Structure formats: structure tokens, C-alpha cells
2 protein chains.
Amino acid sequence: MDLKRIAKDTAQVLSSYLTYQALQTVLGQLREMDPPQAYWLNAFSSRANIQDGEAYVQALLRERPDLAYRIMTVRQHIADEVAEFLPEMVCTGIQQANMEHRRQHLERITQLSLSDSQLARESEDDSDSGTEPNLDNLSN
Amino acid sequence: MDLKRIAKDTAQVLSSYLTYQALQTVLGQLREMDPPQAYWLNAFSSRANIQDGEAYVQALLRERPDLAYRIMTVRQHIADEVAEFLPEMVCTGIQQANMEHRRQHLERITQLSLSDSQLARESEDDSDSGTEPNLDNLSN
């Protein structure tokens with residue numbers, strides 16, 4: 001397992017995601033203060049590839065440097081405020097999610113084996129009570 | 001800006017991404033040790049939605065609990081090893097990327113204004129040297 005490469009890739013994905021969150025923040029601000037700009041930025045962002053944060057900023061810099069600078073400032077701010085809390089949130093989150101998955105899985109297989117044994121008991125009961133009643137007798 | 005919500009969403013995206021990395025790790029191991037299993041897991045993962053890590057694990061638990069447990073263990077391990085380095089990597093990464101974007105942008109607008117002034121000087125030179133030479137003279 002190449003943990004160094006995984007850490008590097010994860011940091012890049014994270015950085016692109018924070019760029020996306022910065023865009024959403026700026027869009028929200030513009031929708032209130034300057035709807036035509038919000039409209040333009042929204043249209044641009046649905047054309048440009050926001051999956052790659054750096055390519056997105058680069059493309060925006062060419063068309064609207066003022067908005068690109070604003071998004072760069074906001075993403076730096078978000079990173080500075082949010083990043084320090086992420087390790088604990090992610091580690092605890094995964095730990096709890098794993099526990100919950102294991103619990104649900106155990107519950108499911110226990111229910112399955114319970115209903116299996118119930119089925120087994122019911123079929124035993126059936127055999128105790130003999131064969132099924134003969135419906136032909138009803139017509140008599 | 002709702003930093004609390006952003007932190008929560010980011011942690012979830014991160015957790016899903018680490019699930020994806022855990023899947024890649026397990027796939028790599030299986031390709032070496034047990035290719036048919038790797039083939040099955042790869043086919044399953046292209047059907048299931050890996051974008052949502054928890055939904056993916058839940059779906060895999062129903063079909064192949066052994067593989068789901070393995071991926072859960074690996075993602076916990078990756079998170080424990082990698083998460084603590086992410087804040088600095090992301091903050092420094094964004095800072096450096098922002099600086100680099102600003103530098104490139106400044107360079108571009110400086111070159112543009114340089115070539116503008118060059119164009120202006122050239123057109124001045126042209127007007128100094130008078131009108132274009134009359135090509136009719138060449139035929140003489």
C-alpha cells in the first residue's frame with residue numbers, strides 16, 4: 001500500500017473539493033448581491049470542469065480574473081478554518097460507519113438464521129399435525 | 001459562509017474517497033493473489049456507486065461480506081495513517097497553487113501590456129517611415 005501516494009492524491013481531491021465549496025459560497029453571495037454575475041458564473045462553471053480545481057481556476061482567470069481571485073481567497077479561508085478538524089472527523093466517521101455496517105450485517109444474518117430456524121420449527125409442527133387436511137371432505 | 005456544514009460535507013467526501021482508495025488497494029492485492037476475485041470485485045464496483053462510500057459498503061456487504069469487511073478494515077487503516085498529514089498538505093497546497101495562479105496571471109497581463117506597447121511603438125514607427133512603399137514602382 002503506497003500511503004505516500006494515497007496522501008498526495010487525497011490532498012489534491014480535497015483541494016478540488018474546497019475549490020468547489022468556495023465556488024458555491026461565492027455563487028451564494030452573488031445571488032444576493034449581483035444576480036447577473038451569479039448567472040454568468042453558474043453558466044461558466046457548468047461548462048468548465050470543476051472536478052479539477054486548478055484547471056477550473058486557471059480557466060476562470062482567463063475570462064474573469066476578479067471572480068477567480070475571489071474564489072482563490074475564499075478557498076484559502078475555508079481550508080484554514082476547516083482543515084484542522086478533518087482528521088478527527090474522518091477517522092471517527094469511518095470508525096463509526098464501520099461499526100454500524102458490522103452491526104447491521106450481524107443483525108441481518110442473525111435474523112436470517114432466526115427465520116431459518118423458525119421455518120424449520122414450523123415445518124416440524126406441520127409434520128407433527130400430520131398431512132394437510134383433505135379439501136375433498138369439505139364437499140361432503 | 002456555513003463552515004460547520006462545509007466541514008461536515010468535506011469529511012463525508014473524504015471518507016468516500018478513502019473508501020475508493022481502499023477498494024483500489026484491495027483490488028491490487030487480489031489481482032496478484034486471486035485474479036478471479038479481483039475480476040468479480042472490479043465488475044461489482046463498476047455497477048455499484050462508489051461515489052457514496054457508505055452505500056457502496058452496504059451493497060457489497062449483501063453480496064460479499066468478506067470483501068466488504070476487508071475494504072472497511074483497509075479504509076480505517078488508511079485514514080489512521082494518512083489523515084493527520086492532510087491539513088498541512090491541503091493548506092500549503094492551496095496557498096502555493098494560489099500564488100502560482102497569481103504569478104502566471106500577472107505574467108500574462110504584463111506580456112499582454114508589453115506586446116500592446118510594442119504594437120503601439122511599431123505603428124508609430126510605421127507612421128514615421130511614412131506610407132507603405134508603392135508596389136507599382138517595382139514594375140518599373
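Biologist: How many residue pairs are in polar contact between chain A and chain B?

Modeller: The count is 12 residue pairs, with both partners at pLDDT 80 or more. Please keep in mind that this is a predicted model.

Biologist: Thanks! Which helices of chain A supply at least two residues each to the side that touches chain B?

Modeller: Four of them are on that list: helix 1 (3–33), helix 3 (53–63), helix 4 (65–82) and helix 5 (86–128). Helix 1 of chain A gives the largest share, 15 residues. By kind, the residues on this side of chain A divide into 26 nonpolar, 13 polar and 11 charged.

Biologist: Let me step back to the fold. How many helices and strands does chain A have?

Modeller: Chain A has 5 helices and 0 strands. Follow chain A along its sequence and you read the pattern α-α-α-α-α. Of its 140 residues, 34% count as buried.

Biologist: Now the pair of chains. How should I read the size of the interface?

Modeller: The general idea first: the size of an interface is often given as the accessible area lost when the parts come together. Here, chain A and chain B bury about 4,700 Å² between them, and 70% of that is on carbon and sulfur atoms. In chain A, the residues that lose the most area to chain B are Met1(A), Ile94(A) and His101(A), together 12% of what that side buries.

Biologist: How many residues take part from each chain?

Modeller: The contact takes 50 residues from chain A and 50 residues from chain B.

Biologist: Could we zoom in on one residue? Is Gln21(B) buried or exposed?

Modeller: Gln21(B) has a relative accessible area of 3%. Buried means under 20%, so Gln21(B) counts as buried. You will find Gln21(B) in helix 1 (residues 3–33) of chain B.

Biologist: What is Gln21(B) in contact with, leaving aside its neighbours within four places in sequence?

Modeller: Gln21(B) is in contact with Arg5(A), Ile6(A) and Asp9(A) from chain A, and with Ile78(B) from chain B.

Biologist: Which residues are linked in a network of salt bridges?

Modeller: One such network links Asp2(A), Arg5(A) and Asp9(A). Within it, the side chains of Asp2(A) and Arg5(A) meet at 4.0 Å, N to O. Asp2(A) is partly exposed, at 41% relative accessible area, and Arg5(A) is partly exposed too, at 39%.

Biologist: What does Glu107(A) form a salt bridge with?

Modeller: Its partner is Arg103(A), and the closest N and O atoms are 2.6 Å apart. Glu107(A) and Arg103(A) are 4 residues apart in helix 5 of chain A, so about one helical turn separates them. Glu107(A) is partly exposed at 41% relative accessibility, and Arg103(A) is partly exposed at 40%.

Biologist: And in chain B, what does Arg103(B) form a salt bridge with?

Modeller: Arg103(B) pairs with Glu100(B), where the closest N and O atoms are 2.7 Å apart. Both residues lie in helix 5 (residues 86–128) of chain B, 3 residues apart, about one turn of the helix. Arg103(B) counts as partly exposed at 40% relative accessibility, while Glu100(B) is partly exposed with a relative accessible area of 33%.

Definitions and conventions. Residues numbered from 1 in each chain as written. Chains lettered and ligands numbered in written order. Heavy atoms only, no water. Buried < 20%, exposed > 50% of the residue type's maximum accessible area, 1.4 Å probe, protein only. Contact = heavy atoms within 4.5 Å. Buried area = accessible area lost by both parts, 1.4 Å probe. Polar contact = N/O pair within 3.5 Å; in protein donor to acceptor, adjacent residues only side chain to side chain. Nonpolar A, V, L, I, M, F, W, Y, C, P; charged D, E, K, R; others polar.
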